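Biologist: Could you show me the model, please? I would like to go through its charged pairs.

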Amino acid sequence: MQEYSTKDYPFLRNCIVQKVAPDGKLWIGTYGDGVVCFDGTKFTQISTKQGLLSTMVLDLLHTHDGASWIVGNQGFSRIKSESIRNYSYKALFPDIAFSEQHLLKYNANTKRLICCDVHLSRYYE
C-alpha cells in the first residue's frame with residue numbers, strides 16, 4: 001500500500017469531500033486548494049489557474065456523460081475532457097438562493113442535475 005503525506009502533497013491537508021468517478025479516479029475537493037484528481041499513480045491539482053471557478057469545493061458530482069461537476073462557494077464548474085466550463089448558481093437554478101445548505105445530486109433517470117437542501121425536503125430541477 002502506498003502512503004501519501006501532506007508534506008509531499010500539501011493540498012491534501014484541506015480535504016473536505018472525496019468521490020470516486022465511474023472511471024475509477026479519485027476526486028478530492030479541498031477547502032482552498034481547488035480539486036485534485038488521483039488516477040492511481042499521480043495527483044493532478046485543478047484550481048483557478050486552470051479555470052476552476054472557486055478553490056473552495058463544497059461538493060463533487062460525476063454524471064453519465066463523463067463530466068465532473070465541482071460545486072464551489074462561487075458557483076459550479078463542469079470538467080470534461082480537460083475542458084472547464086463555469087456556471088453561476090443563478091444560471092443553473094434561478095429560483096433558489098444557493099448556500100452550503102444545498103446539495104447537488106444527479107438524477108440518472110432524467111439525466112438532470114438536482115439541487116436539494118441538506119434535509120432533502122425541497123428539490124429543484
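This is a predicted model: local features need pLDDT of at least 70, side-chain atom pairs count only at pLDDT 80 or more; totals for chains, interfaces and linings use all residues.

Biologist: How many salt bridges does the structure hold?

Modeller: The structure holds three salt bridges. Side chains of opposite charge can pair when their charged atoms come close.

Biologist: Which residue forms a salt bridge with Lys19?

Modeller: Lys19 pairs with Asp59, and their closest N and O atoms are 3.0 Å apart. This pair links distant parts of the chain, since Lys19 is in strand β1 and Asp59 is in strand β5, 40 residues apart.

Biologist: Is Asp59 buried or exposed?

Modeller: Asp59 is buried, because its relative accessible area is 8%, which is under the 20% limit. Lys19 counts as partly exposed, at 28% relative accessibility.

Biologist: And what about Arg78, where is its partner?

Modeller: Arg78 forms a salt bridge with Asp65, with the closest N and O atoms 2.7 Å apart. Arg78 lies in strand β7, whereas Asp65 lies in the loop between β5 and β6. Arg78 is partly exposed at 21%, and Asp65 is partly exposed at 29%.

Biologist: Which side chain meets Lys25?

Modeller: The side chain of Asp23 meets Lys25 in a salt bridge, at 4.0 Å from N to O. Asp23 is exposed, with a relative accessible area of 52%, while Lys25 is partly exposed at 33%.

Biologist: A change of topic: where does Ser47 lie?

Modeller: Ser47 is in the loop between β4 and β5. Ser47 counts as buried, at 14% relative accessibility.

Biologist: Which residues does Ser47 touch?

Modeller: Leaving aside residues up to four places away in sequence, Ser47 touches Asp33, Leu52 and Thr55.

Terms used: Residues are numbered from 1 along each chain as its sequence is written. Side-chain values use heavy atoms; hydrogens and water are left out. Helices (H or I, at least four residues) and strands (E, at least two) are DSSP runs, numbered from the N terminus. Buried means under 20% relative accessible area, exposed over 50%, partly exposed in between (1.4 Å probe, protein chains only). Contact means heavy atoms within 4.5 Å.
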